[in-house]
Amino acid sequence: SGFNSIGHMDTMLRGRHQIGHCKEGEEFIQNVFHVLFQIFTGKEKSNLSICWLQYEISKVVQCLQAKKKKKLKVQGRRSKKLAKNFLKALDNRNNLTLWKLYAYLEWLLGNTDDARKVFDTALCTAGTGGLKSAHLCSLSLLYAQLEVELLESLEGAVMSRAVHILTKLTESGPYVPYSGQVLSVNVLKARKTYEHALQDYLSKTPVCDQDQVNDADQLVNLVGCYALFQYLTVGIDAAVLIYTQALEKLEASGPQKCEKTGENFGIQNFPSALEAVMLLHTNLLRFHMKISVYPLNPLREALTEALKRYPSNQSLWRSYIHIQRKSHSASKARRFFDNVTRSTDSLEPWLFAIQAEQLRKKLTEKVQRADVGEVHCTIPETGLTNRIVALFEHAVQSENGTHCPLLWRMYLNFMV
């Protein structure tokens, strides 16, 4: 029909139906992948396989969010078949990133035992690089994070599968699957190893080198593994301390210029490492608040600090909106949105400011319509409508907003 949404516009509702991946858009994307897959070879082909599998996982996540069980079953079968075909290829058999994505896919589909088998197989075949191998660290971190999410409290967490995974990572020996217990002496050794490894990384003298991107990824994975290990074996304060140390060091060792090439170096890719560590920090605080009693302020402060620095990070904004919904006072959040939109050209702050107000409007309408008898009008609704319209007006006048189809569609949708 000429104006179907290609890909997905998951911020808009059409009646009761969430707009997902429409048929024509989906066919187009699949065709692109198939055509490119025949052109690429070697490393490029492996990278394309990773992108394709990530895209498939995004569709599985969408089915999970929309709670469409039938669609999830069909999508899950398709995605698994694709992942297995990728792993059969000779070039990909030892590709830990693909193994990691396949295990994550199984986990999302609810096949926890199968996912564990895939993770264990990947770790057993990954060699003995230990903390020096970026891929191994990344794989272990995801595995441990998923296991931690199954915990209902921190009691007995020291004996959990997650601690076993993080302890084995430090031993630089062949991986042994979890047998139900973790030795205290191994935990102590692992803590020392993590401590030394992190100190080594943070005290590294910056070298003018092209391999710095791997360095940044490696540092993020190392900090993530060590903080999670401390969280499970000591507690939340010990984990926060690791993040604080890493952030201070990363901020202090900001980008420096290389005399020969004029390019930045240091613990670089510097900004992406800092952003990733901030994200890990806020995610851990959010999880801890879910399973135990903990004040909201540390999380709010961490999020506002991170968002001032990275105003276009969508995950951080989602977390921010999530915690603000629990607060009855909107003024603080509004002031913060106002400050951020003034100081950046990014469009994300506008979109999330609008979303936050729309969620508030939805909530007040729900309250007003709750009683069948006398209608208790708590907040005059027109104020929120005018506020949202004003936000849209300001957003579409900004340089990036003028050219954003999603913003215009949201505006039209709201006015209708």
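The protein chain exposes about 23200 Å², with carbon and sulfur atoms supplying 54% of that (Shrake-Rupley areas, 1.4 Å probe; for residues, only the protein chains shown count as cover). This is a predicted model, where local features need pLDDT of at least 70, side-chain atom pairs count only at pLDDT 80 or more, and totals for chains, interfaces and linings use all residues. Residues are numbered from 1 along each chain as its sequence is written, and side-chain values use heavy atoms, with hydrogens and water left out.

The chain comes to 18 helices and 4 strands (DSSP runs numbered from the N terminus: H or I of at least four residues for helices, E of at least two for strands). Of its 416 residues, 46% are buried (under 20% relative accessible area; exposed is over 50%, partly exposed in between; 1.4 Å probe, protein chains only).

Now for the inside. Beyond neighbours within four places in sequence, Tyr 194 is in contact (heavy atoms within 4.5 Å) with residues including Leu 131, Leu 166, Leu 222 and Phe 229.

Leu 407 turns up again in helix α18 (residues 405–415), where Leu 407, Met 410, Tyr 411 and Phe 414 are buried. These four sit on the same side of α18 because they cover an arc of only 100° around the axis (taken from the directions from helix axis to C-beta atoms). Pro 405 and Leu 412, on the other side of α18, are exposed.
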